[in-house]
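Let's walk through this model together, from its overall make-up to a few residues worth a look. Keep the viewer open as you read.

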Amino acid sequence: MVKERKSNIECLRIIMMIVVVCHHYVVNSGIPELYTFTPSGNSGNMLFYEIFGCGGKIAIDVFLLISGYFMCTSNATLFKWLKLFFEYIFYNIVINLIFMAFGYAPFGYKELLSGFFPLFDGYGIGKDSFISLYLVLFLLIPFLNKLIHSMDRREYRILLAILLFFFTVISSFYLIKSENGSWVLSNNWEGLGWYSTVYLIGGYIRLHLPENKISGFRTGLAMTILSAVLVCASIIGINYIRLKEPGFIGSTHLVYGGNKILAITSAVSLFWLFLNMKIKYSRLINTVSSATFGVLMIHANSNTMRHFIWVDLFQNTSYYNVPLKTAALRAICVVAIVYVSCVILDLLRQKLIEAPLVGALEKIKFLKKPMY
C-alpha cells in the first residue's frame with residue numbers, strides 16, 4: 001500500500017518550485033545586468049526584481065530538508081533512484097531533440113548522447129545543477145542515515161555546528177577587501193557537501209524536534225516573517241552600501257547561495273511552518289506537486305532552454321523600465337504561464353511515459369530492496 005503524502009508538505013513543494021521559476025525569471029534573463037546602483041537609477045524596479053528573484057536557493061534548501069526529514073527513517077531504493085534518473089534522461093534527450101529539429105541551437109550527437117549521462121556532463125556534478133547533485137546525494141542516503149542513527153543528540157548538534165560554521169558562517173561573513181579595491185568572498189563550494197549538510201538538518205528536525213501543531217506553527221510563522229524581513233533588509237542595506245562602494249558584494253549575497261545564512265534560516269523557517277500547518281489531504285495539491293521536479297527539469301533544462309524562455313520568448317529585459325505595477329504584474333503572469341505549462345507537460349509525461357515504465361520496474365523485486 002502506497003502511503004499518501006502529506007498535503008501540507010506537498011503545498012510547500014509547489015510554492016517553492018514557483019519561487020524557483022521566479023528566481024529564473026530574473027537571473028536567467030539578463031535583468032541583473034540592468035541594475036544601476038545610483039540615486040538616479042530605477043531603484044523601485046531594481047528592488048522589486050532583486051526581491052522577486054532572490055528565493056531560488058532558499059527553495060533548493062527546502063527540497064533538501066524535505067528529503068532529509070522523510071528519508072532519514074526510510075529506505076533508499078534503486079527503484080526510487082531510477083524513477084528520477086529516467087525522468088532526467090527523458091527531458092534531456094527530448095528537449096535536445098526538439099531544439100535540434102528546429103535548428104534553434106547548435107546541438108549535435110555529442111550533446112544528445114550526453115543526455116544519457118547527466119551525472120557527468122558539463123552541467124553536472126562540477127556545476128550547480130540541483131538534479132545532478134541530488135541524484136548523487138540519493139546514492140549516499142543509506143550511509144548518511146547510518147551516521148544519523150549512530151549519533152546521540154549532543155553529537156548530532158556538534159556535527160551540524162561544525163558543518164554550518166564552515167559552509168555558512170565563513171561563506172556569509174568572511175569578506176576581504178583586496179589592494180585593488182575589489183571584495184574577495186569566501187568561496188566555500190555549496191555542492192554535495194552542502195547538500196549532505198542540509199539533509200542532515202532535515203534528519204535532526206525529524207528525530208530531535210517533534211512536531212507541535214500549535215506552538216510549532218506559531219514559531220514557524222514568526223521565524224518565516226522575521227526571515228523575510230531580514231532578507232529584504234539585507235538587500236536594501238547592501239544596495240545602500242553599493243551607492244558609496246560600487247565594488248561591494250552582490251545585493252542578494254546573504255541568500256544567493258544555498259549555504260548563505262539567510263538562505264538556510266529562511267528554508268528551515270518555511271519548512272517548520274508548513275510541517276506544523278494543518279492542511280487536509282488534497283488530491284489536487286498532491287497531483288500538482290508530483291510534477292515539481294518535472295517543472296525544474298523542463299524550464300531549467302539547459303542554458304539554451306533558459307535563453308529561449310526568458311530572453312527570446314518573453315524578452316524580460318524589454319520590460320525592465322516599465323512602471324513598477326506593470327513590471328510586477330507581468331512577472332507574476334509570466335511565471336504562472338511557465339509553471340502551469342510545465343506542470344501540464346509533466347503530468348502528461350507521467351501518464352504516457354512514466355506509468356508504463358514504473359509498471360515494468362515494479363516487477364523487478366530487487367529494485368525495491370534497500371540499496372546497500
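Contact here means heavy atoms within 4.5 Å. The model is a predicted one, where local features need pLDDT of at least 70 and side-chain atom pairs count only at pLDDT 80 or more, while totals for chains, interfaces and linings use all residues. Residues are numbered from 1 along each chain as its sequence is written, and side-chain values use heavy atoms, with hydrogens and water left out.

Of its 372 residues, 51% are buried, where buried means under 20% relative accessible area, exposed over 50%, and partly exposed in between, using a 1.4 Å probe and protein chains only. Among contacts with a separation of 6 or more, 81% are between residues 24 or more positions apart.

Now for the inside. The largest nonpolar core has 106 residues, and Tyr25, Tyr49, Phe130 and Phe271 touch the most other members. Such a core is a set of buried Ala, Val, Leu, Ile, Met, Phe, Trp, Tyr and Cys residues joined through side-chain atoms within 4.5 Å. Leaving aside neighbours within four places in sequence, Phe130 is in contact with Ile60, Phe63, Leu64, Tyr195, Phe293 and Leu296.

A charged residue comes next. Asp61 sits in helix H3 (residues 56-71). Asp61 is buried yet has no salt bridge, and the nearest side chain of opposite charge, Lys57, is 8.5 Å away. A salt bridge is a side-chain nitrogen of Lys or Arg within 4 Å of a carboxyl oxygen of Asp or Glu; for charge, Lys and Arg count as positive and Asp and Glu as negative, with His and the chain ends not counted. Beyond its neighbours within four places in sequence, Asp61 is in contact with Trp194, Val198, Gly258, Ala263, Ile264 and Ala267.

Move on to helix H14 (residues 303-313), whose buried residues are Thr304, Met305, Arg306, Ile309 and Trp310. Their cover includes helix H1 (7-27), helix H4 (78-101), helix H13 (292-299) and H15. Ile309 has a relative accessible area of 8%, so Ile309 counts as buried. The C-alpha atoms of Ile309 and His24 are separated by 9.9 Å, although the two are 285 residues apart along the chain. After H14 comes Gln315, whose phi is positive, near 50 degrees.

Finally, Leu352 in helix H15 (residues 324-361) is exposed, with a relative accessible area of 59%.

Conventions: Helices (H or I, at least four residues) and strands (E, at least two) are DSSP runs, numbered from the N terminus.
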